[in-house]
Amino acid sequence: MFYMSIFVFSFFQFAHKHLQAVTSPLITHASGLAASRIHEGVLYTHNDANNPQPYVFALNATTSALIATLRIFPSTNKDWEDIAVGPCGSKSCIYILDSQPHRHRVHSLYRVQEPDFLYSDQILLNASKLDFTLVPIFIFCTAQMNVLI
C-alpha cells in the first residue's frame, strides 16, 4: 500500500496533503503518477522493476480506486520509472520512461494514445518506442566548473 500525495509548489510556500491509500494488490511499487488529459479525475500510474508487467493503472484521483488496467502493447517493463501525459498531434498520449537496469545507458520512451473510454481490462495497441542513450553530462559539467573555479 502506498499513499497518493499532492504536492503544491509556489514561490513562497509548499503544501503536502495525503489523499488516499492505494489498496489494489496489482499496484505493488508505483513509480510515477500523471493526470489524464481527457478523463477528468483520473490519474495514471505503473509499477517499476519490482513488478515488471507492462501495465498502466488508471486510478480515481479522489478515492484512489482502480478504474482500469491498461496493457501497453507492444512493450516490456524492464524498469519503468516515470509516466507523463501530453499531446501527440490532435490526440492525447501516455508517455512511459523505461530506464532499464541502471548500469545500462540505453533507455526507452514508450508512447501510446490515451483511450477514449476506460473499462476494467484494456489493451492499448500500437505503442511506439524510442530508444535513446544518455550521455553522462555531469562529467562535462564538473569539468566546466573546475575551469571556472
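Ser75 sits in the loop between strand S6 (66-72) and strand S7 (80-88). Strands, like helices, are DSSP runs numbered from the N terminus (strands E, at least two residues; helices H or I, at least four). The model is predicted: local features need pLDDT of at least 70, side-chain atom pairs count only at pLDDT 80 or more, and totals for chains, interfaces and linings use all residues. Residues are numbered from 1 along each chain as its sequence is written, and side-chain values use heavy atoms, with hydrogens and water left out.

Ser75 has a relative accessible area of 11%, so this residue is buried. Buried stands for under 20% relative accessible area, exposed for over 50%, and partly exposed for values in between (1.4 Å probe, protein chains only). The side chain of Ser75 reaches the backbone oxygen of Ile72 at 2.6 Å. This is a polar contact, defined as a pair of N or O atoms within 3.5 Å; within protein, one atom must be able to donate a hydrogen and the other to accept it, and residues adjacent in sequence count only if both atoms are side-chain atoms. With neighbours within four places in sequence set aside, Ser75 is in contact with Pro54, Trp80 and Tyr110. Contact means heavy atoms within 4.5 Å.

In S9, Tyr110 is the bridge partner of Ile96. Strand S8 (residues 91-98) and strand S9 (residues 106-113) pair in the antiparallel sense over 6 bridges. Two strands pair if DSSP finds at least two bridges between them. The sheet around this pair is open and holds 4 strands, in the order S7-S8-S9-S11, with antiparallel pairing. S7 and strand S11 (128-133) stand at the edges with a single partner strand each, so one side of each is left without a neighbour in the sheet. On average, neighbouring strands of this sheet are turned by 20 degrees against each other, direction ignored. Axes are lines fitted to C-alpha atoms, for helices over the stretch in contact, and angles run from 0 to 180 degrees between N-to-C directions.

The structure contains 1 disulfide, according to a search of the whole structure. A disulfide is taken as a pair of cysteine sulfur atoms within 2.5 Å. The bond joins Cys88 to Cys93, with an S to S distance of 1.9 Å. The link of Cys88 and Cys93 is right-handed, with 70 degrees about the S-S bond. Both ends are covered. Cys88 counts as buried because its relative accessibility is 15%. Cys93 counts as buried because its relative accessibility is 3%.

A second sheet is described next. In this open sheet, 5 strands follow the order S3-S4-S5-S6-S10, and the pairing is mixed. Strand S3 (30-35) and S10 are the edge strands, and each pairs on one side only. Neighbouring strands of this sheet are turned by 25 degrees against each other on average, direction ignored.

Within this sheet, strand S4 (residues 42-47) and S5 pair in the antiparallel sense over 5 bridges. Thr45 stands opposite Phe57 in S5. Strand S5 (residues 55-60) runs antiparallel to S6, and 5 bridges join the two. Val56 has Leu70 as its bridge partner in S6. Ala58 has Ala68 as its bridge partner in S6. The hairpin of S5 and S6 has 5 residues between the strands, and Ser64 takes a positive phi near 65 degrees there.

Gln122 belongs to strand S10 (residues 121-124). Its relative accessibility is 7%, so Gln122 counts as buried. A polar atom of the Gln122 side chain lies 2.9 Å from the backbone nitrogen of Tyr119. Not counting residues up to four places away in sequence, Gln122 touches Ala68, Thr69, Leu70, Arg71, Pro115 and Phe117. Among these, Ala68 is the S6 bridge partner of Ala58, and Leu70 is that of Val56.

Chain-level values complete the description. The secondary structure comes to 1 helix and 11 strands. Along the sequence, the pattern is β-β-β-β-β-β-β-β-β-β-β-α. The chain has 149 residues, of which 34% count as buried. Of the contacts with a separation of 6 or more, 42% are between residues 24 or more positions apart. The accessible surface comes to about 9500 Å², and 60% of this belongs to carbon and sulfur atoms. Areas come from the Shrake-Rupley method with a 1.4 Å probe; for residues, only the protein chains shown count as cover.
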